[in-house]
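This report describes the packing and the secondary structure of one protein model. The sequence and the coordinates are shown first.

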Amino acid sequence: MEQDAPVVVIGDALIDELREGSSVTELVGGAALNVAVGLVRLGVPATLIAMVGDDEAGQHIRAYLRDYGVSLLATPSALGSSRAVSLRTGGEPVYEFNAAARARRVEFGAAERAAIEAAPMTVVSCFPFDDAAQARQLADAVGERPLAIDPNPRSGMLADRTEFVHGFESLVPRCTLVKVGDDDAALLYSSALDALRVRLAEAGAQVVVATAGAAGAALQAGGDQITAPVAQLPGPVIDTMGGGDAVLAALVASIVQDAPASAPAWADALERALRIAAATVRFHGALLRLPDAVAMDLDRLGT
């Protein structure tokens with residue numbers, strides 16, 4: 001796929017407030033933001049379209065994106081920037097969201113539409129598909145251009161499950177890539193992940209990737225089904241928060257950079273994505289990491 005402009009990523013940008021025991025850490029995050037930063041770290045220019053407040057948290061989000069070379073088209077927020085309070089149990093996050101996150105929205109003005117029109121691909125993650133008006137605006141802005149979606153619902157931000165599924169599935173037939181996880185299958189469909197993968201492929205998505213955490217992933221592209229185990233890298237899993245976002249960023253990068261079209265090419269892309277995800281979860285936070293970073297970190301520790 002020829003790339004003349006940044007990939008556009010649409011969704012959330014927020015402050016992750018991580019609480020574990022008496023420890024509190026604040027990190028810039030959000031699924032869409034993580035994907036945009038991950039793309040840049042993989043050599044793919046990216047522009048993020050997200051709601052960001054004019055407050056101290058918004059300043060941190062903007063500075064973080066500047067540091068990683070991600071352009072931002074920010075929708076103003078009267079409620080300030082979104083915040084997710086994350087309580088950790090064995091590395092797995094449980095989220096509580098502030099009022100801004102629950103009322104998140106994205107504006108599709110002239111600048112946003114121009115960026116989408118020029119982009120080699122638009123990627124959507126953690127978008128409020130249960131807001132019917134926003135879902136229609138997204139569909140209109142993207143049109144028939146290349147599209148990747150990770151529905152990435154959060155129970156604390158989900159106002160209407162049925163409407164969310166309707167808004168999400170209305171765009172599935174246009175998708176080059178759809179990524180879903182076992183938590184998405186449970187929250188949105190109360191179904192098994194394999195059944196959801198088949199459903200989305202039958203709905204018209206060109207490629208569907210279904211991730212199941214430590215159980216690995218399955219990719220369906222036309223009549224080809226590819227499975228891969230979770231990648232084995234040195235060191236323990238520290239934080240799973242960015243694993244799914246790393247998979248999505250890596251697969252989008254493969255599409256933009258390599259245009260996989262055969263089963264072996266997709267198998268290589270999936271294996272690469274899972275290795276990148278395995279490296280990412282071996283560090284605190286959701287910043288995408290490359291497998292080489294694990295070896296470097298172990299060397300630094302003298303392991």
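Leaving aside its neighbours within four places in sequence, which residues is L200 in contact with?

## Basis of the description

This is a predicted model, in which local features need pLDDT of at least 70 and side-chain atom pairs count only at pLDDT 80 or more, while totals for chains, interfaces and linings use all residues. Residues are numbered from 1 along each chain as its sequence is written, and side-chain values use heavy atoms, with hydrogens and water left out.

## L200 and its surroundings

With neighbours within four places in sequence set aside, L200 is in contact (heavy atoms within 4.5 Å) with F168, E169, V172, V178, V180, Y189, A205 and V208. L200 belongs to helix 8, residues 193–202; helices (H or I, at least four residues) and strands (E, at least two) are DSSP runs, numbered from the N terminus. The relative accessible area of L200 is 1%, so L200 is buried. Buried means under 20% relative accessible area, exposed over 50%, and partly exposed in between, with a 1.4 Å probe and protein chains only. Y189, one of the contacts of L200, is 11 residues away along the chain, and the two C-alpha atoms are separated by 12 Å.

Two packed helices are described by the angle between their axes and the distance between the axes. Here axes are lines fitted to C-alpha atoms, for helices over the stretch in contact, and angles run from 0 to 180 degrees between N-to-C directions. Angles under 35 degrees count as roughly parallel, over 145 as roughly antiparallel, 65 to 115 as roughly perpendicular and the rest as oblique. The axes of helix 7 (residues 182–189) and helix 8 come within 9 Å and cross at roughly 80°, and the two helices are therefore roughly perpendicular to each other. D182, A185 and Y189 of helix 7 meet L193, L196, R199 and L200 of helix 8 in this contact. By class, these residues are 5 nonpolar, no polar and 2 charged. Nonpolar covers Ala, Val, Leu, Ile, Met, Phe, Trp, Tyr, Cys and Pro, charged covers Asp, Glu, Lys and Arg, and the others, Gly among them, count as polar.

Helix 6 (residues 161–169) also packs on helix 7, with axes that come within 9 Å and cross at roughly 125°, which makes helix 6 oblique to helix 7. Helix 6 contributes R161, F164, V165, F168 and E169 to the contact, and helix 7 contributes L187, L188 and Y189. The contact of helix 6 with helix 7 has 6 nonpolar, no polar and 2 charged residues.

An open sheet of 9 strands runs in the order 5-4-1-8-9-10-11-12-13, with mixed pairing; two strands pair if DSSP finds at least two bridges between them. Strand 5 (71–75) and strand 13 (224–228) each have a single partner strand, so one side of each is left without a neighbour in the sheet. Direction ignored, neighbouring strands of this sheet are turned by 15° against each other on average. Strand 4 (residues 46–51) pairs with strand 5 in the parallel sense over 5 bridges, and L48 has L72 of strand 5 as its bridge partner.

Helix 9 lies across strands 1, 8, 9, 10 and 11, running at about 165° to strand 10.

## Nonpolar cores

A nonpolar core is a set of buried Ala, Val, Leu, Ile, Met, Phe, Trp, Tyr and Cys residues joined through side-chain atoms within 4.5 Å. The largest has 52 residues, among which V9, L33, L39, L48, V123, L177 and V252 touch the most other members. Helix 9 (residues 243–258) supplies the largest share of this core, 10 residues. A second, separate core of 35 residues includes F108, A115, V142 and L188.

Beyond its neighbours within four places in sequence, V123 is in contact with V7, V8, V9, I10, V35, A148, L248 and V252. S254 is also in helix 9 and is buried, with a relative accessible area of 2%. The contacts of S254, again leaving aside neighbours within four places in sequence, are A259, P260, A269 and R272.

Helix 1 (residues 31–41) is mostly covered, with 9 of its 11 residues buried. Its buried residues pack against strand 1, strand 3, strand 4, helix 2 (56–67), strand 8 and helix 9. Just after helix 1, G43 takes a positive phi of about 90°.

Strand 2 (residues 14–20) is mostly covered as well, with 5 of its 7 residues buried. Strand 2 pairs with strand 3 (residues 23–29) in the antiparallel sense over 7 bridges, and D16 has L27 of strand 3 as its bridge partner. The two strands form a hairpin with 2 residues between them, and G21 in the turn has a positive phi of about 65°.
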